Protein chains: 2
Amino acid sequence: MARQSMREEIVEAGLEQFHTHGYSAAGVKDITDAAGVPKGSFYNHFTSKEALAVVAIQRYGDGLRLRELADSGVDPLTRLREHFEFLRDENLHRGITRGCLIGNFCTEIADHSEVIREAAQDSLHRWAALITAALAEAQGAGTVRADLNPETTARFVLNAWEGTLIAARADRSADAFDPFFDLVFGTLLAG
Amino acid sequence: MARQSMREEIVEAGLEQFHTHGYSAAGVKDITDAAGVPKGSFYNHFTSKEALAVVAIQRYGDGLRLRELADSGVDPLTRLREHFEFLRDENLHRGITRGCLIGNFCTEIADHSEVIREAAQDSLHRWAALITAALAEAQGAGTVRADLNPETTARFVLNAWEGTLIAARADRSADAFDPFFDLVFGTLLAG
């Protein structure tokens, strides 16, 4: 029980440190200090910082509320928009810092760690698959233009979101989210 | 003369190290080693690694062939597409690693350095302004749908490009570029 709790504290602190400072800047000691555990205890639970990063990506995915994307009780186009509004509002709440951990790891470390690259890829693919399903359902309901390939469009929309977070962090302005909502929901999907 | 040349070697090595390894992972010693100059010489030319990063962003922008975006001798929609095809091909040539230095710095370090954030923001704004002008010119020529706001659309397209590089690095696959070209040139701009 105690070991499980310590592992959990390391995962939570790792996610926070990676998200705030980046992969390279967050050292094992920073993470164990933030978790309030001895540095040596880290290696009882993880073979490396890299192994913790893989778990952190999975844990981060749990906070994206992806299940709500598949909630058939809500109109599909509405829940797609609400999904990105939720993520935007989270970013605004954090002063438009940190961005998306998955995107951050792709730009910083995916070239140098196959296991982190694969974990990030897997998270992006699962996310895109849920967007694909929502788009296909919206096409069935007649609220998204019928000639779009839902899978290609989902990948594009997710990429546009990740890039929007880059611009938002450069501008540190809420206005940076406007092109995404205007162009995706006002133009691209509506036709 | 000698000092100018040493400064130039540090800038080139810094750009390469930052682009390959990221900001935090590229230390001053890595940069001076790569440049083949003594570590102590760094501070004759730059007050800090941060100061070098600002110059590296500007230098990186010079390699984006942004001037070609404004070449009025080429049809505006064609030159916009050729611009992104050039960048895609550069990425393929590098094995789909490194991505865009500006986007990388935004995700890794913009939250922690105002001068780097401002330099990245400035580069993105100048890039978006050239895309805006090309889009407006294409609208005048009737090759881009007239109801799009060129400035908002330019920011969106640039964000979509930056996010495409994230997905491409996660997938490490040329296919990752397809949604960008399909959706931007095949759908969004064409209407």
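Modeller: Start with Ala138(A), which counts as buried because its relative accessibility is 1%; buried means under 20% relative accessible area, exposed means over 50%, and partly exposed lies in between (1.4 Å probe, protein chains only). The model is predicted: local features need pLDDT of at least 70, side-chain atom pairs count only at pLDDT 80 or more, and totals for chains, interfaces and linings use all residues. Residues are numbered from 1 along each chain as its sequence is written, chains are lettered from A and ligands numbered from 1 in the order in which they are written, and side-chain values use heavy atoms, with hydrogens and water left out.

Ala138(A) sits in helix 8 (residues 114–140) of chain A; helices (H or I, at least four residues) and strands (E, at least two) are DSSP runs, numbered from the N terminus. Apart from neighbours within four places in sequence, Ala138(A) is in contact with Pro76(A), Leu77(A), Thr143(A) and Val144(A), where contact means heavy atoms within 4.5 Å. From C-alpha to C-alpha, Ala138(A) and Asp111(A) are 36 Å apart in space, and 27 residues apart in sequence.

Helix 8 of chain A also holds both Asp122(A) and Arg126(A), four residues apart, about one turn of the helix. Asp122(A) and Arg126(A) form a salt bridge, with their closest N and O atoms 3.4 Å apart; a salt bridge is a side-chain nitrogen of Lys or Arg within 4 Å of a carboxyl oxygen of Asp or Glu. Side chains of opposite charge can pair when their charged atoms come close. Asp122(A), at 41% relative accessibility, is partly exposed, and Arg126(A), at 42%, is partly exposed too.

A further residue of this helix, Glu114(A), reaches the other chain. Glu114(A) forms a salt bridge with Arg172(B), the closest N and O atoms being 3.2 Å apart. This pair crosses between chains, from the loop between helix 9 and helix 10 of chain B to helix 8 of chain A. Glu114(A) is partly exposed at 36% relative accessibility, as is Arg172(B) at 31%. Phi of Arg172(B) is near 45 degrees, a positive value in a residue other than glycine.

Now for the interface as a whole. In it, 47 residues of chain B are in contact with 47 residues of chain A. The two chains bury about 4000 Å² between them, 58% of it on carbon and sulfur atoms; buried area is the accessible area (1.4 Å probe) that two parts lose on being put together, summed over both. In chain B, Asp111(B), Phe156(B) and Ile166(B) lose the most area to chain A, together 16% of what that side buries.
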